[in-house]
Amino acid sequence: MEILSSSGLLTGLNSEQLTAVTWPAQPALVLAGAGSGKTRVLTTRIAWLLQTGQASVHSILAVTFTNKAAKEMQLRLSALLPVSVRAMWLGTFHGLCHRFLRLHYQEAGLPKTFQILDMGDQLSVIKRMLKQLNISDEIIAPRSLQGFINAQKENGLRASQLSARDPHERQMIECYAAYDSLCQNEGVVDFAELMLRSYQILQNNDVLRSHYQNRFNHVLIDEFQDTNKLQYAWLKLLAGKQAAFFAVGDDDQSIYRFRGAEVANMTRFLHEFNVSEPIRLEQNYRSVGNILTAANAVIAHNASRLGKNLRTEAGTGEKIRVLQAINDIEEAQFVVDEVKALHREGLDYIQMAILYRSNAQSRVLEQALFRAGIPYKIYGGLRFYERQEIKNALAYLRLAVNPDDDNALLRIINVPTRGIGARSIENIQAAANEANTSLWQAATNLAAKNSKIAAFVRLIENLQLQATQISLPEIMAAAIYDSGLMEYYRTQKGEQQERINNLEELLNAAVAFKPQESGFEFDSDYDPNDPLFAVLSFLSTASLEAGEHQAGQGEDALQLMTVHAAKGLEFDGVFLTGLEEGLFPSEYSMAERDGLEEERRLMYVAITRARKRLYLTMAEQRLLHGQTHFALPSRFVDEIPEAVLQYLSAHKNSLIARQQSTQRTNPFHSRSKLAETQASQDFDGFQLGQNVHHERFGTGVIIDATHKAEGARLTINFGKQGIKELDTVFAKDKLTIIS
Ligand SMILES: Nc1ncnc2c1ncn2[C@@H]1O[C@H](COP(=O)(O)OP(=O)(O)OP(=O)(O)O)[C@@H](O)[C@H]1O
Ligand SMILES: [Mg+2]
């Protein structure tokens, strides 16, 4: 108790948080929902360990998931204590492994000046190596090899430890080995290697391992649910037998399964470190009641959970606003109008975020923000028009209207790969220099002697001709498809789906583009009906949106990001957009239960980012893959109790308005709660989303309810005890409402 009173650090913590922060130097797992103060507990524990002299800055290892989180933790710590946080081993997995390898480059068999390959560099090395080995892209696509190598490394496996099931796999494994020795010769290290190499040194070098195991007496990790096998193994090696391994996480927020994250690490941890019970934090300090009710109700639909609940003392707050717009453009406009209104009411832009499931969705939103002059920042990603595949497609378009654009030509002359290698490009550049012409001129001259260049010249000439004759969407399609660009991204595995989506979204942009409304005036006498005019104004709009409005460092700007990138963050106001079946949950996830549950966890993460105000928006129609699609509202919206929702309709013709006036059910929405406008909210004294306690089954949440002749029937998820249906007539005495 003395520590308590002498330390301002601990004031304000609730009793469970206090238990966690001041846990003795023994392994512990804090298992708690979003906004319950896990990150705060972890940071405060570090400060407390330092302040009470139980640890020094040198004896702590603390790991977070993103650079932003690591920086924030450093900031918070230095605000709490006058310590040199820089000396501390606090950072991301990659950051810490990098530091480790810099210190122990000799043991790692690396040159002192070893360099790190980012994903782009890694791909270049792989391409170069495949060329040296005379393996064509058709036999092994560089990106799929990259994905293969990284996945193996993340699993802790070297080429020598793998066995092949077929000849293709054998070749992949051989390439993996060849790639590793090439990197070794050149003294370069990729991201996955940072981790694997650090792990292997610790594993094989007894002296180093016992040095670090003696040094770190406290190992702490945030977002533990998203660690993969290798990361967990690395932490265990560093912690050794003596260190107090303090892990905090939330199984409901595990959203990196596709990168090998294993929630099972949490149960493994309990077992391997002999921890009998996790520490649970059940009070949420982030969100108002309605937002929490929504989050609890959605996640209760998942079967595989460790089980926990959240309550708040913040009051119910405002209802969650739901808007179904006619189309994606109207949806974006609604968001922009609300952002403006909230800003007028005094909310800084930086306190608001627009979240979406996939990056391609940012385009329409960016356009609306750009037009409204609202500063925004895309966080953890590039703006739409800055993305590689978009710039590539636009380079074709630029060449079509101006073949002398050297930058555009250099960008795509060999993208997709068409056999015009570095040597040929040098020749073109030399010829252009000599004759003082554009690269295009030089290329046309060299075409007679080089069939590959000739094919490229024909392709561009064709596009040039088309640009004067066909519509903008058609010429855009030609730039994306005839150029081979789409095919190029399609044949590559890994994160290519994102690029394909973006290219399709670019086509949507061309379909929706109205040159007359773009505000561009050209000096020369362009006919606004001339296809060329459309292409030119489109390109100008794109380059303006790409660059000019970028919010500077420290500027108050609206935050745009995917739900994945929003993990761990919080905002006063959150707009969760594109809530439609097929988008969120994504169509790829719906086939299997695990996929759908992962999407639901993502939805839970999204909802719980909001502190005070949450908007859920969706569009009835959306341009997808160049076509108009009619979408159902996301099932996740249906999973939220209606009592906490407030439906808005921005457009008098919107579906909700129409349904309310005609009381007709749209066949598309027969399943949707949006259609059930007069569903009652009280079920014999109970409500959907309520947390209840039952004498026999313990704590649960009401996930469904129907009225009966007498009383009501409640469907309650009791976590480990399973989902039960109870009639209030019999069960009322045994049930108490918790919140
Ligand atoms: N005891 C407390 N009193 C007041 N505010 C608190 C308390 N504990 C946490 N908070 C605040 O609640 C918010 C959420 O805390 P924190 O980010 O640590 O939660 P979390 O469990 O890490 O959430 P997530 O799962 O989203 O990462 C923060 O603004 C934090 O400062
Ligand atoms: Mg956190």
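These legends go with close-up views of a predicted model. In this model, local features need pLDDT of at least 70 and side-chain atom pairs count only at pLDDT 80 or more, while totals for chains, interfaces and linings use all residues. Residues are numbered from 1 along each chain as its sequence is written, with chains lettered from A and ligands numbered from 1 in the order in which they are written.

View 1. The chain splits into domain 1 (15-106 + 196-285), domain 2 (115-186), domain 3 (299-378 + 550-647), domain 4 (385-546) and domain 5 (684-737); the bounds come from an automatic or database domain assignment. Taken over C-alpha atoms, the centres of domain 1 and domain 2 are 31 Å apart. Eight residues of domain 1 are in contact with five of domain 2 (contact: C-beta atoms, placed from the backbone, within 7 Å). On the domain 1 side, helix H9 (191-204) and H11 each supply at least two residues, and H11 gives the most, with three. That side divides into four nonpolar, three polar and one charged residue. Here Ala, Val, Leu, Ile, Met, Phe, Trp, Tyr, Cys and Pro count as nonpolar, Asp, Glu, Lys and Arg as charged, and the others, Gly among them, as polar. Helices (H or I, at least four residues) and strands (E, at least two) are DSSP runs, numbered from the N terminus.

View 2. Ligand 1 has 19 residues around it, and Gly37, Lys38, Thr39, Arg40 and Tyr285 come nearest (near: C-beta atom, placed from the backbone, within 6 Å). Helix H3 (residues 38-51) gives the most to this shell, with three residues. By class, the shell has four nonpolar, 10 polar and five charged residues. Domain 1 and domain 3 both give residues to the shell, so ligand 1 lies between them.

**View 3. Gly33 and Ala34, in the loop between S1 and H3**. An unreviewed UniProt entry carries a "binding site" annotation on Ala32, Gly33, Ala34, Gly35, Ser36, Gly37, Lys38 and Thr39; such annotations may be inferred rather than shown by experiment, and their positions are given in the numbering used here, with feature names shortened. Gly33 is buried, with 26 other C-beta atoms within 10 Å, and Ala34 counts as buried with 23. (Counting other C-beta atoms, placed from the backbone, within 10 Å: buried is 20 or more, exposed 12 or fewer, partly exposed in between.) Leaving out residues up to four places away in sequence, Gly33 touches Asp250, Asp252, Asn284, Lys308 and Leu310. On the same terms, Ala34 touches Asp250, Gln253, Ala295, Val605 and Thr608.

**View 4. Helix H12 (residues 264-272) and what covers it**. The buried residues of H12 are Asn265, Met266 and Phe269. Seen down the axis of H12, they fall within an arc of 105 degrees, so they line one face of the helix (the arc is that of the directions from the helix axis to the C-beta atoms). Their cover includes strand S1 (28-32), helix H11 (229-239) and strand S7 (244-249). After H12 comes Asn274, with a positive phi near 55 degrees.

**View 5. Ser160, in the loop between helix H7 (142-154) and helix H8 (167-186)**. Ser160 counts as exposed, with 9 C-beta neighbours inside 10 Å. Between Ser160 and Ile173 there are 8.2 Å in space, C-alpha to C-alpha, and the two are 13 residues apart in sequence.

Technical notes:
Contact = placed C-beta atoms within 7 Å.
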